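Please examine the sequence and the model shown below.

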Amino acid sequence: MESWDEDGVRARIREMAARDPEWHRFGADTHRYELAPRLPEAEIRAFEESHGIALPVEYRSFVAEVGDGPAGPCQGLMPLTVPRPEAGEGWAVDGEWEEDRLPGRLAEPFPLTEPLPGRIGAPADALTRGTLMLAEQGCGMFIRLVLQGPRAGEVWQIDPDWGGFVPVSPSFRTWYTDWLETP
């Protein structure tokens with residue numbers, strides 16, 4: 001697995017910020033093109049052990065080598081181990097973040113083997129087990145990283161009202177890099 005180029009990622013984010021000083025790009029007003037510090041290996045390992053999981057290598061290496069969000073696609077990356085500083089303001093994303101950290105939830109099998117397009121009839125909670133919420137798109141749509149099963153490592157979007165639960169990227173690296181490369 002190739003390492004992340006922390007300096008390159010941070011330089012590109014600074015360039016993106018310079019081109020968007022008023023935060024017009026979707027989500028920029030939330031993440032403000034800022035990256036939190038990297039997570040120490042011991043903190044990542046403790047998170048994995050406490051949840052009985054192994055994070056996909058590309059995501060794990062990102063939080064270890066680049067930063068623990070928030071600059072990223074959609075409304076920005078959610079932090080891995082601690083809530084957002086502004087948590088508690090009534091955002092749905094914070095509820096999703098907390099739900100993911102309930103005991104055993106991340107270690108459960110991801111229930112889907114195929115995309116589930118269209119309106120979702122089942123409660124979304126039953127479908128998102130074994131996934132980690134990465135980002136909020138707004139209007140109840142979330143980007144999730146599959147942690148368990150044959151789809152592990154893929155990035156999926158859940159839009160219960162219209163779009164279903166479908167893959168949007170084969171990997172975290174591709175998903176994040178596509179955002180970095182978007183003008």
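Which residue in β4 is the bridge partner of W156? The bridge partner of W156 in β4 is P167.

## Basis of the report

The model is a predicted one, in which local features need pLDDT of at least 70 and side-chain atom pairs count only at pLDDT 80 or more, while totals for chains, interfaces and linings use all residues. Residues are numbered from 1 along each chain as its sequence is written, and side-chain values use heavy atoms, with hydrogens and water left out.

Helices (H or I, at least four residues) and strands (E, at least two) are DSSP runs, numbered from the N terminus. Two strands are taken to pair if DSSP finds at least two bridges between them. A residue is called buried under 20% relative accessible area, exposed over 50%, and partly exposed in between (1.4 Å probe, protein chains only).

## The antiparallel sheet

An open sheet is formed by four strands in the order β1-β2-β3-β4, with antiparallel pairing. Strands β1 (131-138) and β4 (164-169) are the edge strands, each pairing on one side only. On average, neighbouring strands of this sheet are turned by 30° against each other, direction ignored; angles here run from 0 to 180 degrees between N-to-C directions, and axes are lines fitted to C-alpha atoms, for helices over the stretch in contact.

Helix α5 (residues 92-100) packs on the sheet and touches β1 and β2 (141-146). The direction of α5 makes about 175° with that of β1. Contact, here and below, means heavy atoms within 4.5 Å.

## Strand pairs and hairpins

Strands β1 and β2 run antiparallel and are joined by six bridges; M133 has R144 as its bridge partner in β2. These two strands form a hairpin with two residues between them. The antiparallel pairing of β2 with β3 extends over four bridges. Within this pairing, F142 is partnered in β3 by I158, and R144 is partnered in β3 by W156.

Strand β3 (residues 155-159) is joined to β4 by five bridges, and the two run antiparallel. The bridge partner of D159 in β4 is G164. A hairpin of four residues connects β3 to β4.

Five of the six residues of β2 are buried, so β2 is largely enclosed by the rest of the structure. For β3, five of the five residues are buried, so this strand too is largely enclosed by the rest of the structure. Both faces of β3 are covered: the buried residues are V155, Q157 and D159 on one side, and W156 and I158 on the other.

## Helices

Helix α3 (residues 41-51) packs with helix α4 (residues 57-65) at an angle of about 145°, and their axes are 9 Å apart. The contact involves E41, I44, R45 and E48 of α3 together with R60, V63 and A64 of α4. By class, this contact has three nonpolar, no polar and four charged residues. In this classification, Ala, Val, Leu, Ile, Met, Phe, Trp, Tyr, Cys and Pro count as nonpolar, Asp, Glu, Lys and Arg as charged, and the others, Gly among them, as polar.

In helix α7 (residues 172-181), the buried residues are F172, R173, W175, Y176, W179 and L180. Seen down the axis of α7, these residues fall within an arc of 165°, so they line one face of the helix; the arc is that of the directions from the helix axis to the C-beta atoms. An α-helix has 3.6 residues a turn, so residues three or four places apart point the same way.

R14 lies in helix α1 (residues 6-19) and counts as exposed at 54% relative accessibility. R14 and Y33 are 19 residues apart in sequence, and their C-alpha atoms are 7.1 Å apart in space.

## Backbone features in loops

Most residues other than glycine have a negative phi, and most peptide bonds are trans. The loop between α4 and α5 holds P70, and the peptide bond from G69 to P70 is cis, with omega near -10°. C74 is also placed in the loop between α4 and α5. C74 has a positive phi of about 60° although it is not a glycine, and at 11% relative accessibility C74 counts as buried.

C139 lies in the loop between β1 and β2. Its phi is positive, about 55°, although C139 is not a glycine. C139 is exposed, with a relative accessible area of 75%.
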